[in-house]
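Have the sequence and the model side by side.

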Amino acid sequence: MSEELVEREIAAEQAFVDRVYVQLTESARQAQALAKEGHSRGRLGHEGGLVERDAMVFQAARRIAQLDAAHEGLVFGRLDMTAEVDTEPRYVGRIGLRDANRDSLLIDWRAPAAAVFYQATAAEPHDVVRRRVLRCAGPSVVGVEDELLDAEAMERSDVDLPIVGEGALMAQLSRARDRSMHSIVATIQAEQDKAIRAPGKGVVSISGGPGTGKTVVALHRAAYLLYNDRRRYEGGGVLIVGPSGVFMRYIERVLPSLGETAVALRSLGEVVDGLRATRHDEPSVADVKGSARMAELMRRTARQQAPGSPQGFRIFWRDDTIVLDRGELGRLRRQLMSQGRRNRQLPRVAHALLDAMWRQVRGERGRDRGREAFDDEMLSNQSFVDFAAGWWPPLDAAEVFGWLRDPELLSRVGDGVVTPEEQRLLAKSWGEATGLSIEDVPLLDELRYALGDVPARTDDERELDDTGLLEGGVDMQELFTAADREYAPTGRAWAPPTHRIEDDPFAHVLIDEAQDLTPMQWRMVGRRGRAASWTIVGDPAQSSWPVPDESAAARAAALEGKEVHEFHLSTNYRNSSEIYAHAAAYAERVGLEADLPTAVRSTGVEPTVLAGITDLESATREAVVRMAAAVPGTVGIVVPAARRSEVNAWLASWPEVADDAPGSRAAVDSSVTPSGDDRIVVLTGLDTKGLEFDGIVVVRPQEIEDESAIGRATLYVVLTRATQLLTTLS
């Protein structure tokens, strides 16, 4: 193949790409003009103009964001069809564009017309003669890669279709990794495309071993769903949940690069609005907090009387002394709890208290005055108002969660649910912690649902403020108004939370690394997808939860009633065959029931295994420096959790990878994504979930294996993170 031919083909494609970018600029100008016109509608002086303004400005802003996101790699594919189907080439890109005559200029990769770009093969060409992938840097075409799919059709054709390059997929696989995941929109393979374009209802489950592209396929599926049913998925929202903040930062660019921004990306420590946790508990504590038993413990906690709340009430009215003792209050508590969630009972509390008190009125003077007068006097009595507000205050989950720091209360609610040793572990965790752990977040969510939201008051109810009485009872919230919304026991002003339980559900939920979710995390995520369609991605062999059956039961409960569509990916595109053979041999040796995909790429470089090391710092430094010089992309140093601070300190002191060394720098905190040209990062085994690097140096693999009950699965994950080079230091 001559260089002249390649240059001629690139120049021809560049002419088309230039035309597309001209149209992109024109489309952006039109969107900006629409936004300007929309703002002018707001000055018409009537409500219709305001509605038109909002609609026009919203649509314009969304289109501008889509056009801005599409600049990089805008055009990536070309299809040359048989003469019977189409004599003009079809171009595929990140978004769809039409020319000035409204004719299709660029086909959106998610459109049905673009499906054959991914599905056509030499065995089933689907009328495609040649498939071409354009490699671009910004608006410049830097290369083309062709696949001839129907040689007979090309021979019958009068059109000259030269074949250039060695295949786009292999070129993509050889590309250096940086700190972010990238779109594979130009190189989606047929088995991946089937999962991406699967039905929008029910559950799409994508399984496969390491390196099969599960994550990026799931993200492309989210973009595909938004494209095909935008009203549903943008209106209800798309939630994407991943294992860690590191992972979420790694994938955050994929959907915007595909023109989609209407998604919520959250790590497991951020699923609940208003909460953010980044640290994990020790494995022994995490195993207890993740167990399904904790749902019962949280339910019991939500039913406890608020610490410091009044234990009784006594008042003299007319001829009677009215007493609400602990026994009577306990009966009322059980009665109210039987009717639903705690906070939902707030409007009924005052009525229940007044009912119990009225039954004790025996004197003629009291009976003659009647129930209405009794209620009026009690509601205007500050001591009763303070008692009622203190006995049944509106509670938020964070406050109730804090009760569990009391070992006596924990022992009471944990009796028969968690063992004394587990209670000790929990008490130590909650007593010493300076902030929430990732494993605490589902427990707080469980409490939110056990407590329920405080019922919102209607306009009609607000009109009854002067009386404080509602049909069927007394508005408890009026008591809080009268008492300045203060807790009697704590003196802390209360305001209802801005985010309510009914705001949680999404239209689509995407879970990555699903095999790692604990039963409590499945309950948390499941609440957000009760009416949603789902995409679930995972590999059971990589699971970090030690009781798979318990997790499977929680998953089944979260997905109850939904039809499941299974897709299995069988080709490992990430690892070289040499690296994956090493990882697969380890999985077989330690007895993991691993899904072993076929690695399609060979580098000829076997993993390096160094044993008997006495000076670990020197050996680590030498391995990292050598690897950083050999690969152009990222290098991960994976260490046991107990050694992370130690290795970070080493790395910061090495001149070979200091800030002034070109192309590399130590990242001293794996929870922070380094900026600029940083290539080297220290991670624990769990941190590596879902990530990939050009090279991996594994420090003390045996310690990684020994640090938890699921250490073997964790080390297997670590050994499958590298694309080019792998070194282990034992």
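In this predicted model, the buried residues of α27 are Leu616, Ala619, Thr620, Ala623, Val624, Met627 and Ala628. Buried means under 20% relative accessible area, exposed means over 50%, and partly exposed lies in between (1.4 Å probe, protein chains only). Contact here means heavy atoms within 4.5 Å.

Now the length of α27. The helix has 15 residues, 616-630, and should span 21 Å at 1.5 Å a residue; its end C-alpha atoms are 21 Å apart, which agrees. The expected span is 1.5 Å times one less than the number of residues. Helices (H or I, at least four residues) and strands (E, at least two) are DSSP runs, numbered from the N terminus.

A word on the ground rules. Residues are numbered from 1 along each chain as its sequence is written. Local features need pLDDT of at least 70 and side-chain atom pairs count only at pLDDT 80 or more, while totals for chains, interfaces and linings use all residues; side-chain values use heavy atoms, with hydrogens and water left out.

Step back to the whole chain. The protein chain holds 30 helices and 24 strands. Of its 730 residues, 54% are buried. Take the contacts between residues at least 6 apart in sequence: 75% of them join residues at least 24 apart.

Helix α7 (residues 214-228) also has 15 residues. From its first C-alpha to its last it reaches 21 Å, close to the 21 Å expected at 1.5 Å a residue. In α7, 13 of the 15 residues are buried, so the helix is largely enclosed by the rest of the structure.

Helix α13 (residues 326-337) has twelve residues. Its end-to-end C-alpha reach is 16 Å, close to the 16 Å expected. Glu328, Leu329, Gly330, Leu332, Arg333, Leu336 and Met337 are its buried residues. They pack against α12 (293-302), β11 (320-324), α14 and α17 (382-391).

That brings in α14, and with it the helix pairs. Two packed helices are described by the angle between their axes and the distance between the axes. Axes are lines fitted to C-alpha atoms, for helices over the stretch in contact, and angles run from 0 to 180 degrees between N-to-C directions.

Helix α14 (residues 346-358) packs on helix α16 (residues 371-379) at an angle of about 120°, with the axes 11 Å apart. That makes α14 oblique to α16. Angles under 35 degrees count as roughly parallel, over 145 as roughly antiparallel, 65 to 115 as roughly perpendicular and the rest as oblique. The contact is made by His351, Leu354, Asp355, Met357 and Trp358 of α14 and Arg371, Phe374, Asp375 and Met378 of α16.

α14 also packs against α17, at about 120° with axes 10 Å apart. This makes α14 oblique to α17. Val349, Leu353, Leu354 and Met357 of α14 meet Phe384, Phe387, Ala388 and Trp391 of α17.

What is the arrangement of α24 and α25? The axes of helix α24 (residues 519-527) and helix α25 (residues 548-558) come within 8 Å and cross at roughly 10°. The two helices are therefore roughly parallel to each other. Pro519, Trp522 and Gly526 in α24 meet Glu550, Ser551, Ala554, Arg555 and Ala558 in α25.

Finally, some single residues. Most residues other than glycine have a negative phi. Arg102, not a glycine, has a positive phi of about 70°. Arg102 sits in the loop between β3 (97-98) and β4 (104-108). At 59% relative accessibility, Arg102 counts as exposed. His126 is likewise not a glycine and has a positive phi of about 55°. Its place is the loop between α3 (115-119) and β5 (128-137). At 37% relative accessibility, His126 counts as partly exposed.

Not counting residues up to four places away in sequence, Gln423 touches Leu410, Ser411, Gly414, Asp415 and Val418.
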